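User: Please take a close look at one part of this model for me, the ligand and its surroundings. Once that is clear, carry on to a few other spots worth checking by eye.

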Amino acid sequence: METLASYVGGAWVPCAGPTATLVNPATEEPLAEAGSGAIDFSAALAFARDTGGPRLRQMTFAERGAILAAMAKVIHDHRDPLIALAIANGGNTRKDAKFDIDGAAATLAAYADLGRSLGDCRILPDGDEIKLGRTSRLSGRHVRVPRRGVAVHVNAFNFPAWGLCEKAAVALLAGMPVVSKPATATALVAHRMMTRFVAAEVLPAGALSLVCGGPGDLLEHLGGQDVLAFTGSSTTAETLRSLACVTARSVHINVEADSLNAAVLGPDVLPGTETWHLFVTDVVRDMTQKAGQKCTAIRRVVIPEAVADEVAAALAERLAQVTVGDPAKDGVGMGPLSSAAQHRDVKEGIARLCADTTTVFGDATVPEAGYFVSPVLARAADPRTPVVHDREVFGPVATLCPYSGDAAEAAAIVALGQGGLVVSVYSDQRDFIAAVLPELCPQTGRIYLGSAKMAAQSPGPGTVLPQLIHGGPGRAGGGEELGGAFGLALYQQRTALQGDPSLFSIFL
Ligand code: NAP
């Protein structure tokens with residue numbers, strides 16, 4: 001069986017115990033072993049800081065952007081084998097796998113473009129010069145410079161390709177070296193990607209390292225110039241936030257955690273209209289794409305009581321057409337959950353949800369072996385039913401929450417999720433949008449406005465775009481990633497310069 005080495009300190013370090021077995025979640029067949037027991041994490045971080053850091057900092061944004069473009073090309077050149085691995089190790093259908101792998105390449109390419117547009121500079125001014133004295137001889141200006149440490153990226157299991165690349169693209173462009181740790185259960189794709197980056201020699205020494213296996217004492221060695229960017233469950237996030245390096249040494253931490261994303265259907269949207277079809281398509285796609293294992297997937301569907309029966313029927317009809325099975329086989333629309341742990345957790349979550357709601361759909365036949373579940377659409381008699389808003393079931397599961405059609409009521413139901421990554425609002429009525437937006441904005445990192453005018457071009461609310469912020473308040477972790485140039489800030493120190501501005505210009 002394949003064993004996954006880690007790439008740290010500029011070399012491959014073989015897999016060593018304690019090890020975990022990576023499997024094909026459709027068949028439970030073992031595929032590989034991963035273990036990080038042979039890594040000296042302190043030395044690995046020091047190599048990234050002392051070798052990768054200076055090399056990246058001496059490059060301009062345009063030069064760093066060129067590295068990202070080269071990484072995107074490597075992924076593109078190895079697209080088919082990477083897709084095959086995502087199908088085998090992630091339970092992805094071919095479409096799911098493309099979403100992850102093409103999304104990784106597209107995000108790198110978008111940051112490569114940003115690097116090109118920032119050009120031949122190494123330091124970013126932040127805002128304009130500010131006159132502080134009687135004359136402009138005493139002025140102030142903010143600048144952003146790369147932090148001198150290492151960016152440690154701890155990723156979730158659901159997007160092994162995109163997760164690695166979306167974080168690495170931003171940190172590398174900002175000028176920080178990266179140590180990336182994919183979730184162990186689905187690490188094969190990230191590992192294969194790294195072998196291709198190394199073989200193609202697209203990265204300066206120390207710029208990108210990869211840890212396959214558990215975190216060991218990796219995080220204990222972080223200090224005040226380092227960054228920890230985490231994506232995963234809020235339980236793990238809580239543990240990481242209370243680490244001594246974070247509490248005592250002020251390691252900059254960004255958390256992307258759970259989210260009970262909501263879709264709100266406006267009272268103006270009638271069955272059969274273009275906006276109605278967009279809404280139905282988006283909900284079904286979000287429930288079934290990657291078997292619902294998407295942090296941005298719609299979990300709560302807030303719908304006017306007047307059309308609740310029609311919505312339930314339309315969604316159930318579409319869900320019944322989704323074939324659940326081994327994603328390596330033709331005609332399969334939804335694969336298994338990614339791991340045995342996920343399978344246990346989702347089945348338990350479905351049981352708890354169904355105990356307090358009515359099941360609208362949930363009887364698709366699923367294979368006996370493998371980590372399969374049927375898509376489940378529930379309907380809450382009371383839209384405020386606690387389990388609907390408290391427990392993120394990270395699988396193909398959503399709940400209908402009927403409301404009166406009043407914008408404030410819809411927003412109040414969404415708010416029960418206590419902060420999320422994305423809310424989608426489907427309406428063509430300006431009054432409804434104007435009433436609901438100010439209520440929703442503080443609750444979420446992104447709002448997707450589904451309407452007849454944009455329907456033909458819509459990627460759906462579940463697609464995270466490099467140009468827009470990914471992250472959200474409260475339960476979602478309070479973090480911000482991507483968002484074009486916004487994302488660079490996590491990896492940069494903002495410093496105020498104060499004095500004679502002719503001296504600032506030496507620096508900028
Ligand atoms: P998880 O169990 O929290 O694991 C996430 C990562 O943390 C994995 O790489 C894991 O490593 C690592 N980890 C676990 N305990 C750790 C510790 N004590 N110290 C350092 N690292 C540790 O989450 P998951 O099951 O992979 O992902 C599912 C969750 O992620 C869902 O709740 C979902 O909502 C959330 N998610 C959020 C986003 C977002 O962008 N907001 C995106 C995707 C997923 P091992 O795999 O080696 O245990």
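Analyst: **The ligand site and beyond**

The ligand sits in the largest pocket. (A pocket is an open set of points on a 1 Å grid over the protein atoms alone, where a 1.4 Å probe fits with protein on both sides within 12 Å along at least five of seven lines; a molecule sits in one if more than half of its atoms lie within 2 Å of its grid points.) Bear in mind that this is a predicted model, where local features need pLDDT of at least 70 and side-chain atom pairs count only at pLDDT 80 or more, while totals for chains, interfaces and linings use all residues. Residues are numbered from 1 along each chain as its sequence is written, and side-chain values use heavy atoms, with hydrogens and water left out.

Around the ligand there are 26 residues, and the nearest are Asn155, Thr184, Ser233, Thr236 and His470 (near means a heavy atom within 4 Å). Now the polar contacts, meaning pairs of N or O atoms within 3.5 Å. Asn155 brings a backbone N or O atom to 2.7 Å from a ligand oxygen. Phe157 also uses a backbone N or O atom, at 3.2 Å from an oxygen of the ligand. With Ser233 it is the side chain, which has an N or O atom 2.7 Å from a ligand oxygen. On its own the ligand would expose 910 Å², and the protein buries 79% of that (Shrake-Rupley areas, 1.4 Å probe).

His470, one of the nearest residues, lies in strand β20 (469-470). His470 is buried, at 5% relative accessible area (buried is under 20%, exposed over 50%, partly exposed in between, with a 1.4 Å probe and protein chains only). What does His470 touch beyond its neighbours within four places in sequence? Its contacts (heavy atoms within 4.5 Å) are Trp162, Glu256, Cys295, Thr296, Leu421, Val464, Gly479, Glu480, Glu481 and Leu482. Glu480 is 10 residues from His470 in sequence, with a C-alpha to C-alpha distance of 5.7 Å.

Leu482, another of those contacts, belongs to strand β21 (481-482) and is buried at 1%. Its backbone deserves a look, since most residues other than glycine have a negative phi, and most peptide bonds are trans. Leu482 has a positive phi of about 55°. Gln418, in the loop between α13 (407-415) and β18 (420-426), also has a positive phi, near 60°. The peptide bond from Gly17 to Pro18 is cis, with omega near 0°, and Pro18 sits in the loop between β3 (11-13) and β4 (20-23).

Last, two threonines. Thr93, in the loop between α3 (79-90) and α4 (94-118), is buried at 7%. Not counting residues up to four places away in sequence, Thr93 touches Ile87, Pro327, Val332, Gly333, Met334 and Gly335. Thr3, in strand β1 (2-4), is partly exposed at 48%. Past its neighbours within four places, Thr3 is in contact with Cys15 and Glu33, and its C-alpha is 8.9 Å from that of Leu31, 28 residues away along the chain.

How values were computed. Helices (H or I, at least four residues) and strands (E, at least two) are DSSP runs, numbered from the N terminus. A polar contact is a pair of N or O atoms within 3.5 Å; within protein, one must be able to donate a hydrogen and the other to accept it, and residues adjacent in sequence count only if both atoms are side-chain atoms. On a 1 Å grid over the protein atoms alone, a cavity is a set of points where a 1.4 Å probe fits but cannot get out, and a pocket is an open set with protein on both sides within 12 Å along at least five of seven lines; lining residues have an atom within 4 Å of a point.
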